[in-house]
Each structure stands twice: as structure tokens, then as C-alpha cells.
Amino acid sequence: GAGAKLYYEVVPSGGGAATFVELPNALVIGPVGAQGSFVDVTPISKTTEEVIRGRATTPELSMEFNHQPGVAEYASFLDLARDRTIDSVKLRIDYATGDRCNLVAIPNGVQMGSPEGNSQQKATVFLKQSGDETWGEVA
């Protein structure tokens, strides 16, 4: 919701401590978390389905941004998302509710939105959450 902030981790090229950098022009972050699947274990002798929990699947993220190439943090994030040699990126979301989510995502491209009259230019960054996210509180 309104007031949420999106960050990504930047590791300095010369080494040193990584820091989270805010992406101030984020419009849509997308869902995070995981949804479990079910595995059918119904014996042939039963007429009612029996299931057990299966593995959880993580969401694909379509993060939408106001396209502002002059914002250095955003321009660097676009470069990262387009770079096919980057295996993963750490993301942090601080929600207005005080919740904080940390996750790892696999970037997989950028798509420029269709230019339309009388509206801002948007870009979408595609990622997929990899593994479990962690939750905490904004300090």
C-alpha cells in the first residue's frame, strides 16, 4: 500500500559492505511469500481425494516503475535486471504497517511500457522470488 518502500542491495565493485538503496520511483512491487501445493496420495481403493502438502512455489514479480532514467539508483537497478550474468539480487520491502520483508529474487529482464498520451512512461522489471522470504519489523 501507500507508504511502502522498495530497496535493493548494492555490493560495491571494489569490495566492502553491501548497502540497501531505495528505489524511489516504484509504483507496483507485487506479491511476496509462497503458496504451497498439494500432492494427491489417494489410494485406488478410495473414492474421495486424499492429499498431503507439497512444496511451496514462489511468485513471479512484475515490478512497475515510473521510468526516470535520470534517477541513478533506478538506472543501476535497470542495468542489473538486464544483465544476464547477474544470478540474484537481494530485495527489501518496508511496509507502512511497520513490516519488513527481505528476499532474494532472480532478475529476468525489463520491458518498457507502451507510450500513451497524457500519462507517465512506465517500465516493468521481471523477477522471481527464490527461496523463503524473511519477515521482521522496520527499525
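A nonpolar core is taken here as a set of buried Ala, Val, Leu, Ile, Met, Phe, Trp, Tyr and Cys residues joined through side-chain atoms within 4.5 Å, where buried means under 20% relative accessible area, exposed means over 50% and partly exposed lies in between (1.4 Å probe, protein chains only). The model is predicted, and local features need pLDDT of at least 70, side-chain atom pairs count only at pLDDT 80 or more, and totals for chains, interfaces and linings use all residues. Residues are numbered from 1 along each chain as its sequence is written, and side-chain values use heavy atoms, with hydrogens and water left out.

**View 1. The largest nonpolar core and the elements that supply it.** The largest nonpolar core has 21 residues, and those with the most contacts inside it are Met 63, Phe 65, Leu 91 and Leu 127. Two or more residues each are given to this core by β1 (5–10), β6 (60–66), α1, β7 (89–94), β8 (99–112) and β9 (122–129), with helices (H or I, at least four residues) and strands (E, at least two) being DSSP runs numbered from the N terminus. The largest share of this core, 5 residues, comes from α1. Phe 65, leaving out residues up to four places away in sequence, touches Leu 6, Leu 23, Asn 25, Ala 26, Leu 27, Tyr 74, Phe 77, Gln 121, Lys 122, Ala 123 and Val 125, a contact being heavy atoms within 4.5 Å.

View 2. Tyr 74, Phe 77, Leu 78, Leu 80 and Ala 81 are the buried residues of α1. Seen down the axis of α1, these buried residues fall within an arc of 160°, so they line one face of the helix; the arc is that of the directions from the helix axis to the C-beta atoms. An α-helix has 3.6 residues a turn, so residues three or four places apart point the same way. The buried residues of α1 pack against β1, β6, β7, β8 and β9, whereas Ala 72 and Asp 79, on the other side of α1, are exposed.

**View 3. Leu 78 within helix α1.** Leu 78 is found in α1, which spans residues 72–82, and is buried with a relative accessible area of 4%. Apart from residues up to four places away in sequence, Leu 78 touches His 67, Val 110 and Val 125. Between Leu 78 and His 67, which are 11 residues apart along the chain, the C-alpha atoms are separated by 9.9 Å.

**View 4. Leu 23 in the loop between β2 and β3.** Leu 23 has its place in the loop between β2 (19–22) and β3 (26–28), and at 2% relative accessibility this residue counts as buried. Beyond its neighbours within four places in sequence, Leu 23 is in contact with Leu 6, Tyr 8, Phe 65, Glu 73, Tyr 74 and Phe 77. The C-alpha atoms of Leu 23 and Gly 36, in contrast, are separated by 30 Å, although the two residues are 13 residues apart along the chain.

View 5. A search of the whole structure finds 5 salt bridges, each being a side-chain nitrogen of Lys or Arg within 4 Å of a carboxyl oxygen of Asp or Glu. In one of them, the side chains of Glu 64 and Lys 122 meet at 3.5 Å, N to O. Glu 64 lies in strand β6 and Lys 122 in strand β9, so the pair ties together parts that are 58 residues apart in sequence. Glu 64 counts as partly exposed at 23% relative accessibility, and Lys 122 is partly exposed with a relative accessible area of 31%.

**View 6. Asn 118 in the loop between β8 and β9.** Asn 118 lies in the loop between β8 and β9 and is exposed, with a relative accessible area of 87%. Its phi is near 65°, a positive value in a residue other than glycine.
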